[in-house]
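Reader: I am new to this structure. Please show me how to read a few of its features.

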Amino acid sequence: FGVSFSIESNNEHFRHILLSYFRKGKNAAQAAKKLRDVYGEEAIKERPCRNWFDMFRSGDFSLKDEQRLGRPLQADDDQIKAIIKLDRHLSEREIGEKLKIPKSTIHDHIKRLGFVKKLDIWVPHELKEIHLTKRINACDSHLKRNEFDPFLKRIITGDKK
């Protein structure tokens, strides 16, 4: 029978059990199986058990999560805006290096902030009233022309397939 258990909040509990199995001379596969038998199939996989057993063998018996040094996944939109305003010529990669954030994350934030790169300069991507009016006029003129000369039927679109 499986016990309902909050896995994320009880990782340290699992590590105590793993240390107990390690001290009893069990291997990682046996420990993972015993934990799954008690807590259910999703309790812990064998690979994390092996990692912990490797740490125990190296003499590291700390059971708490270490603070990770990886890049943060979130960026502050205000920081990105400030960097762009200081130097509109920076690339996404350069902004990412300044903030120690992946380029892909910077790309997503810049897109959401409404900036586009035009002639190597970041500018706000805005549709101004004059541009909207020109687009509407162009569409209207094409529709009127199509009434007398059905040219739209002659336009062929497709892809490489």
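This is a predicted model: local features need pLDDT of at least 70, side-chain atom pairs count only at pLDDT 80 or more; totals for chains, interfaces and linings use all residues.

Reader: Where does Ile110 lie?

Author: Helices are DSSP runs of H or I, at least four residues, numbered from the N terminus. Ile110 sits in helix H6, residues 103–113.

Reader: Is Ile110 buried or exposed?

Author: Buried means under 20% relative accessible area, exposed over 50%, partly exposed in between (1.4 Å probe, protein chains only). Ile110 is buried because its relative accessibility is 1%.

Reader: Which residues is Ile110 in contact with, beyond its neighbours within four places in sequence?

Author: Contact means heavy atoms within 4.5 Å. Ile110 touches Ile80, Ile84, Glu92, Ile95, Phe115 and Trp122 in this way. Take Glu92: it is 18 residues from Ile110 along the chain, and their C-alpha atoms are 8.4 Å apart.

Reader: How many disulfides are there?

Author: A disulfide is a covalent bond between the sulfur atoms of two cysteines. Here the test is a pair of cysteine sulfur atoms within 2.5 Å. The whole structure has zero. Cys49 is buried, at 0% relative accessibility. Cys139 is partly exposed, at 48%.

Reader: Where is Ile136, and is it buried or partly exposed?

Author: Ile136 belongs to helix H7, residues 129–148. With a relative accessible area of 45%, Ile136 is partly exposed.

Technical notes. Residues are numbered from 1 along each chain as its sequence is written. Side-chain values use heavy atoms; hydrogens and water are left out. Helices (H or I, at least four residues) and strands (E, at least two) are DSSP runs, numbered from the N terminus.
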